[in-house]
Protein chains: 2
Amino acid sequence: MPLPRRPILLNAFDMNTPSHLTHGLWRHPRDRATDYKRLPYWLDLARTLERGLFDGLFLADVTGVYDVWGGSPEAALRHGIQVPINDPAVLVSAMASVTRHLGFGITATIAAEAPHAFARRMSTLDHLSEGRIGWNIVTGFLDSSARAQGAAAATGHDRRYDLADEFMTLVYRLWEESWDDDAVIADRARGIYADPARVRAIRHAGEGWRLDAVHPCEPSPQRTPLLFQAGASARGTAFAARHAEVVFVPNQGLAATAAVVRKLRAALAEAGRDADAVRFVTTLLVVTGPTETEAHARYEEYRRYAQPEAGLVQFSSAIGHDLSRHGLDDAIGGGSADAIQSSVASLKRPGGAQLTPRALLAQMPLGARHAPVVGTPAQIADTIEAWVTGAGIDGFNLVRTVSPEGLEHFVDLVVPELQRRGLHKRAYAQGSWREKIFGPGRARLPSSHTGVRRRTSASP
Amino acid sequence: MPLPRRPILLNAFDMNTPSHLTHGLWRHPRDRATDYKRLPYWLDLARTLERGLFDGLFLADVTGVYDVWGGSPEAALRHGIQVPINDPAVLVSAMASVTRHLGFGITATIAAEAPHAFARRMSTLDHLSEGRIGWNIVTGFLDSSARAQGAAAATGHDRRYDLADEFMTLVYRLWEESWDDDAVIADRARGIYADPARVRAIRHAGEGWRLDAVHPCEPSPQRTPLLFQAGASARGTAFAARHAEVVFVPNQGLAATAAVVRKLRAALAEAGRDADAVRFVTTLLVVTGPTETEAHARYEEYRRYAQPEAGLVQFSSAIGHDLSRHGLDDAIGGGSADAIQSSVASLKRPGGAQLTPRALLAQMPLGARHAPVVGTPAQIADTIEAWVTGAGIDGFNLVRTVSPEGLEHFVDLVVPELQRRGLHKRAYAQGSWREKIFGPGRARLPSSHTGVRRRTSASP
């Protein structure tokens with residue numbers, strides 16, 4: 001297949017916590033992730049990513065603890081499995097101040113947000129970053145998160161997507177409909193800041209939320225932040241097809257992932273969206289070095305610090321099923337219908353047999369359930385090229401390994417190789433994050449997007 | 001009276017909006033406040049404040065619009081009266097990254113916050129700023145804010161303080177009790193990040209909130225942010241006496257303010273708190289220049305841009321009473337018992353007569369209801385000295401005038417004069433914001449504070 005007509009998207013995939021996915025690597029002597037609490041760690045990371053012309057820094061988040069394993073958060077605390085976890089949104093302005101082009105993808109959980117305050121926070125960040133904010137839409141599946149919000153348990157899977165649709169409608173109206181583009185006049189002579197006739201209150205009375213308010217912020221460069229989503233179930237796919245501009249596709253190997261991308265493209269067409277309106281991004285776990293020997297030596301060295309058993313603890317919450325009660329070789333009976341459906345589905349092997357905890361551990365050599373891609377820059381570039389040409393993938397979220405050296409190696413070694421092959425850009429495009437991805441003049445949601453149709457149905 | 005034994009506290013009083021209190025001054029040709037949406041504006045401001053050895057940047061906030069005037073937000077939008085208003089919390093990390101000592105006081109409205117997410121946001125900022133975060137506790141009095149949260153109207157005055165007490169109890173427990181000081185081990189060899197025996201879930205079932213969760217963050221330098229509060233009613237004073245470490249006292253002139261400070265000190269003693277446990281800060285609206293002539297010329301120039309009529313619009317919301325329906329010379333009948341009680345009380349003149357709108361306008365020559373202090377650096381310093389020695393005031397929030405030049409003039413002209421008199425420090429003290437104010441070793445709330453007693457009553 002030919003090389004793609006456009007450069008790939010490259011994001012760092014990280015989290016404001018000592019251990020994101022590659023559990024145990026925080027123990028590596030060169031790892032600095034325990035500095036996650038301090039600004040220099042993040043400022044250095046942002047500068048490194050912009051040096052490598054990365055599109056974005058993608059910040060995962062979770063609003064509860066992983067307490068399915070053994071029925072308590074003990075194992076999560078001991079291994080530092082996404083706990084402690086600091087707020088990702090308040091990190092961003094510092095990193096935006098030392099970069100000009102890098103995007104910031106912020107995960108926010110609908111079940112834990114109030115729409116008015118959330119819409120304001122995102123608009124403010126979109127202003128401060130001059131249009132470089134994205135939102136990873138998460139509905140919230142953890143009972144521990146629900147208990148942190150005062151509920152007894154998380155809302156059931158499909159129901160929480162229904163509520164998420166309502167929340168989306170509401171924040172779209174705040175972002176897209178409350179202030180006209182020409183509402184702010186800032187006329188010093190006449191003393192008029194905004195024209196009240198071009199600003200309107202949004203009134204909403206739904207099943208999940210009520211609101212009657214003017215959006216607090218004037219229109220930001222993108223209005224609605226660039227929308228990321230990772231729905232994989234039937235209901236989640238329908239949600240992604242309706243809302244997402246960038247879809248995260250779990251990396252299940254090239255062939256299986258290619259099938260998921262095809263399914264998602266079909267869902268998009270069915271939802272009436274243009275084939276070019278969405279990008280597909282998967283995760284890659286890369287360990288590289290100048291030579292094959294050095295790359296594999298580095299991988300073996302990393303492995304010595306990894307804690308796959310911590311990966312099992314996180315996976316127990318992902319499938320809503322306590323694996324601490326399983327023998328290593330007992331087939332896992334199945335996950336909860338209310339948990340992460342891509343994780344639950346991944347328990348089934350071809351032929352219908354269920355995975356065992358031992359098999360899962362073998363799938364987590366670096367503590368994350370993710371097959372590492374180990375090799376020279378040329379070998380990494382080969383893999384990336386294969387994903388692009390063979391699976392219709394547009395971009396990659398690079399999983400944190402030993403931090404920050406893992407990303408520094410990628411920027412110093414792999415980026416130049418990708419550029420030589422025409423896979424990675426040689427300079428940033430101008431404009432907001434959405435324009436960088438979809439082209440000039442596309443700072444805002446396209447008029448065909450469900451969030452924008454509402455702009456014309458404004459309240460009088 | 002002798003000079004104080006300790007230097008004054010100096011904060012800039014500002015807001016993430018084009019017009020904070022001195023309405024109309026955004027129209028001044030040199031005013032840059034319409035750049036409030038952009039990071040350089042705030043980074044420059046933070047650097048200027050640290051150059052002047054300011055203690056903090058105090059960011060006001062409001063979660064609704066001022067729509068009492070004429071029953072609509074039209075006038076507020078037209079004059080830009082605290083609308084648009086961006087989120088203050090997400091500004092902070094950028095400013096923290098270009099300063100080392102400046103504190104950041106963030107206003108957050110209890111009625112608009114979920115305790116778990118709020119506690120995490122503040123802990124994260126306290127980590128990132130290395131202990132430089134304060135919280136101005138606001139209960140939320142605007143019906144427009146309540147409607148933005150899905151309620152029909154704001155909770156009544158005393159009831160919202162009762163709820164605020166509950167919220168405080170809950171966030172204290174998250175900040176002070178969930179993680180022991182030695183919970184984080186980060187033992188790379190043994191692979192133990194935190195000792196689960198030293199971390200506990202907080203369980204709360206009250207009238208306003210339910211929660212069952214581990215605090216998401218490891219202990220930050222201050223744990224509980226430095227607590228600011230401005231309660232003025234009987235119930236508000238009791239709340240301040242219980243919680244506040246720095247109390248904002250409305251500037252009602254030196255004698256009246258001195259009486260308020262005395263009343264608050266008595267309330268503190270009654271609440272069993274040490275006289276030295278609390279600082280009192282009032283607002284000052286300063287216009288200065290190298291000579292008296294230049295200072296007054298500058299004041300007259302500023303006045304030409306001010307819009308006192310916009311001040312009336314804001315004041316209508318502060319007292320919960322629509323002044324658009326009043327003749328200029330009609331006595332104002334009185335404010336709402338659920339609005340800002342210091343504003344309502346200020347309507348009464350000595351002798352019992354009520355103010356008129358015309359009298360209010362005369363009190364707002366620069367658009368804010370605040371008597372400006374205009375003069376040479378020596379004259380400004382005389383005024384500050386009089387407040388310190390005559391009213392028991394420990395510090396000042398300087399109201400934004402023409403921005404940023406108003407603060408630049410203060411830093412360049414008044415700060416050296418204050419330093420010469422021993423009123424202002426010549427170097428920052430080390431440590432967190434709380435230590436800078438209360439002394440070395442005082443990074444955390446003192447053990448006598450209501451928020452800390454709970455640390456010993458931990459869940460098993």
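## The second largest cavity

Sort the residues lining the second largest cavity by class and you get 9 nonpolar, 5 polar and 3 charged. This is a predicted model, and the space in that cavity comes to about 140 Å³.

Which residues lie nearest the centre of the second largest cavity? They are Val286(B), Val399(B), Thr401(B), Gly406(B) and Leu407(B), out of a lining of 17 residues. Four elements of chain B give two or more residues each to this lining: the strands β12 (286-288) and β14 (395-399), and the helices α9 (292-303) and α14 (405-420). The largest share belongs to α14(B), which puts in 4 residues.

## The largest cavity

Now for the largest cavity, with about 190 Å³ of space inside. Its lining has 19 residues, and those nearest the centre come from both chains: Arg120(A) on one side of the list, then Asp61(B), Asp87(B), Glu113(B) and Arg121(B).

By class, the lining of the largest cavity splits into 8 nonpolar, 5 polar and 6 charged residues. How many cavities of 30 Å³ or more are there? The count is 7.

Take chain A, turn it by 180° with a shift of 0.0 Å along the axis, and it can be laid on chain B with an RMSD of 0.0 Å. The two copies are therefore related as by a two-fold rotation axis.

## A stop at Phe141(A)

Where is Phe141(A) found? Look in chain A at the loop between β4 (133-138) and α5 (143-148).

Setting aside neighbours within four places in sequence, Phe141(A) is in contact with a handful of residues from elsewhere in the chain: Ala154(A), Arg160(A), Ser317(A), Ala318(A), Asp338(A), Ala339(A) and Ile340(A). Ile393(A) lies 252 residues from Phe141(A) along the chain, and 27 Å separates their C-alpha atoms.

Notes:
Residues are numbered from 1 along each chain as its sequence is written. Chains are lettered from A and ligands numbered from 1 in the order in which they are written. This is a predicted model: local features need pLDDT of at least 70, side-chain atom pairs count only at pLDDT 80 or more; totals for chains, interfaces and linings use all residues. Side-chain values use heavy atoms; hydrogens and water are left out. On a 1 Å grid over the protein atoms alone, a cavity is a set of points where a 1.4 Å probe fits but cannot get out, and a pocket is an open set with protein on both sides within 12 Å along at least five of seven lines; lining residues have an atom within 4 Å of a point. Grid points are joined across faces, edges and corners, and a volume is the space filled by probe spheres set on the points. Ala, Val, Leu, Ile, Met, Phe, Trp, Tyr, Cys and Pro count as nonpolar, Asp, Glu, Lys and Arg as charged, and the others, Gly among them, as polar. Copies are superposed by least squares on the C-alpha atoms of residues with pLDDT of at least 70 in both. Contact means heavy atoms within 4.5 Å.
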